[in-house]
Amino acid sequence: MENKKFYVTTPIYYPSGKFHIGTAYTTVLADTFKKYKKLRGFDSYLLTGTDEHGQKIQTIAENSNVEPQEYVDKIASQAKELWLKMNIEYDDFIRTTEERHVVIVQKIFEYFLEKGDIYKGIYEGMYCVPCETYFTEKQLIEGKCPDCGREVTLMKEEAYFFNMKNYAERLIKLYEETDFIIPEYKKSEMINNFLKPGLEDLCVTRTSFKWGINVKSDENHVIYVWLDALTNYITALGYLSEDKTLFNKYWPADLQIVGKDIARFHLIYWPIFLMALDLPLPKKILVHNWFMMKEGKMSKSKGNVIYPETLIDRYGLDATKYFLLRELPLHQDGVFSPEGFIQRFNSDLCNDLGNLLNRTIGMINKYFKGNIYNYNGQKNEGDKKLEEFTNLQHNKIQLAMDNYEVVTALTEIWNLISKTNKYIDETSPWVLAKEGEEDKLKSVMYHLVENLRKIAIYLTPFMQDTKDSIFRQLGINENLQTWESLIDYTKIPENTKVVKQGEPLFLRLEKEEEINYLKNQINLL
Ligand code: MSP
């Protein structure tokens with residue numbers, strides 16, 4: 001029997017400041033898949049957290065005259081508040097300063113040292129301080145950091161290294177034999193940029209700063225961020241601890257989601273650490289692109305950052321999540337623009353979805369005093385076509401969700417919404433009413449409610465308030481809110497009644513006013 005569990009992780013975030021919509025994106029995406037799998041009956045577990053060690057955090061804390069621990073405590077609790085506001089159903093929030101993490105990382109380090117995976121040497125290289133990463137000369141772009149484009153400095157220190165070279169062959173073989181990377185092209189990117197030029201051993205300790213996990217057998221050294229950070233995905237489950245229940249149940253992860261900037265660490269170092277620990281590898285690692293502003297990267301210093309709270313407070317959580325999930329394609333970066341946001345809001349949410357619900361409720365009240373009559377199986381030509389289309393959409397939406405393609409899934413859900421809106425125009429209920437075609441009219445109303453019910457089920461992982469409102473307004477009970485109940489058109493019982501007065505799901509926005517509002521918010525920084 002299939003093991004119906006689903007373990008999904010987000011990266012653990014640097015507590016280096018307030019989270020903008022780009023950083024919130026990964027968590028929203030992970031949460032959407034968790035909710036989808038839950039709906040499909042999986043025992044789902046979502047892990048998120050904060051990556052609290054390292055030079056950068058130490059410096060930020062020093063600059064604000066507080067102890068690093070005090071500083072990270074504050075940001076970690078802000079992060080939890082944000083996830084609460086965004087209705088993120090995380091099951092655990094791991095912080096790398098927690099004892100449960102620290103002791104296991106130390107154990108793992110000593111184990112690698114004993115096995116000979118880790119050795120002591122001298123590191124000399126070009127170092128990017130903000131990225132906390134050494135680069136080889138070859139990797140630099142015009143002499144600058146290939147990740148952030150800033151200046152690098154030559155640094156030298158005694159350090160421990162992880163013997164990555166030992167595992168390079170096995171990793172290439174793994175790439176050839178499995179398809180654990182989404183999207184596919186990231187695989188060749190890794191092979192061409194890092195594996196073919198020769199994988200460098202990874203420096204895993206530092207002596208240049210103190211804010212990190214000490215090496216047990218050599219206290220001068222702190223474990224450098226990536227060995228500390230990546231292992232969170234297993235320490236949170238209790239790996240090597242006394243209680244391994246969660247670990248035994250959930251590892252390997254079914255889906256690990258990361259942004260493109262940290263793909264290298266998750267697609268190369270992480271699988272190698274796992275191989276060295278003799279642990280199974282995650283089933284899929286999904287690498288997503290970035291949200292940009294029209295002017296380029298979001299950055300506080302450029303004054304072009306947008307925070308999730310700004311959007312949620314004015315336009316609601318569902319609209320915010322819809323925009324984020326709808327606007328970031330798999331193969332390229334997405335753009336946040338005030339115009340784009342307002343356009344999606346007015347066109348997709350108000351016009352397409354909101355109007356479909358409103359028109360339907362209005363007509364059922366007008367023609368049948370709010371009653372939905374059970375469909376008697378006498379399909380009209382238009383009904384048959386709508387059913388066929390809807391069934392096809394079902395397969396497309398399910399497949400997209402199973403393949404972790406949210407943009408495709410949302411596009412197909414909206415195709416279904418548009419088709420259902422068109423069905424109203426094509427069947428012209430007002431003509432049927434005028435001509436006294438009561439059976440036909442009942443059938444059209446039934447099909448509209450049934451399609452809206454299905455649409456609300458599809459929206460469940462994405463927009464919780466919206467789907468709740470649709471179900472409530474249509475009088476759909478819990479039994480009919482399940483994924484299993486999506487099949488066929490005979491489910492809605494007689495005596496179902498819609499609300500007397502439809503309530504709009506989204507209120508149309510005044511375009512110019514809102515664009516100005518958002519522009520101001522972006523420039524307020
Ligand atoms: N701490 C590391 C991750 C360690 S995981 C073992 C880190 N933290 S981060 O806070 O800098 O970034 C967290 C996530 O946010 C990354 O997946 C990153 O790609 C994502 N994003 C940061 N800016 C983003 C956008 N503008 N758009 C989309 N995602 C973005 O890296």
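The model is predicted.

**Backbone features**

Proline 252 sits in the loop that links α9 (245-250) to β12. Its peptide bond with tryptophan 251 is cis, and omega is about 5°. A cis bond also runs from isoleucine 182 to proline 183, with omega near -5°. Proline 183 belongs to the loop between β7 (181-182) and α6 (185-195). Asparagine 65 is not a glycine, yet has a positive phi of about 60°. Asparagine 65 is placed in the loop between α2 (55-63) and α3 (68-85).

**The ligand site**

The ligand has 23 residues around it, and those that come nearest are Ile12, Asp51, Gly259, Asp261 and Phe291. By class, the shell around the ligand holds twelve nonpolar, nine polar and two charged residues.

| Residue | Protein atom | Distance from a ligand oxygen atom |
|---|---|---|
| Tyrosine 14 | polar backbone atom | 3.1 Å |
| Glycine 259 | polar backbone atom | 2.8 Å |
| Aspartate 261 | polar side-chain atom | 2.5 Å |

On its own the ligand has 670 Å² of accessible area, of which the protein covers 94%. Two or more residues of the shell come from each of the elements β1 (5-13), α1 (21-39), α7 (225-230), α8 (232-235) and β12 (255-259).

**The second largest pocket**

This pocket has a volume of about 220 Å³. Its lining consists of 13 residues, and Asp179, Ile181, Ile182, Lys284 and Asn403 are the closest to its centre. Ile182, in that group, is the residue from which the cis bond to proline 183 runs. The lining of the second largest pocket divides into six nonpolar, two polar and five charged residues.

**A four-stranded sheet**

Four strands form an open sheet in the order β5-β4-β6-β8, and their pairing is antiparallel. Tyrosine 127 is opposite tyrosine 134, a residue of β5.

Terms used: Residues numbered from 1 in each chain as written. Predicted model: local features only at pLDDT ≥ 70, side-chain atom pairs only at ≥ 80, totals over all residues. Heavy atoms only, no water. Pairing = 2+ DSSP bridges. 1 Å grid on protein atoms, 1.4 Å probe; cavity = no way out; pocket = protein on both sides within 12 Å on 5 of 7 lines; lining within 4 Å. Points joined across faces, edges and corners; volume = space filled by probe spheres on them. Nonpolar A, V, L, I, M, F, W, Y, C, P; charged D, E, K, R; others polar. Near = heavy atom within 4 Å. Polar contact = N/O pair within 3.5 Å; in protein donor to acceptor, adjacent residues only side chain to side chain. Areas by Shrake-Rupley, 256 points an atom, 1.4 Å probe, with all protein chains shown as cover.
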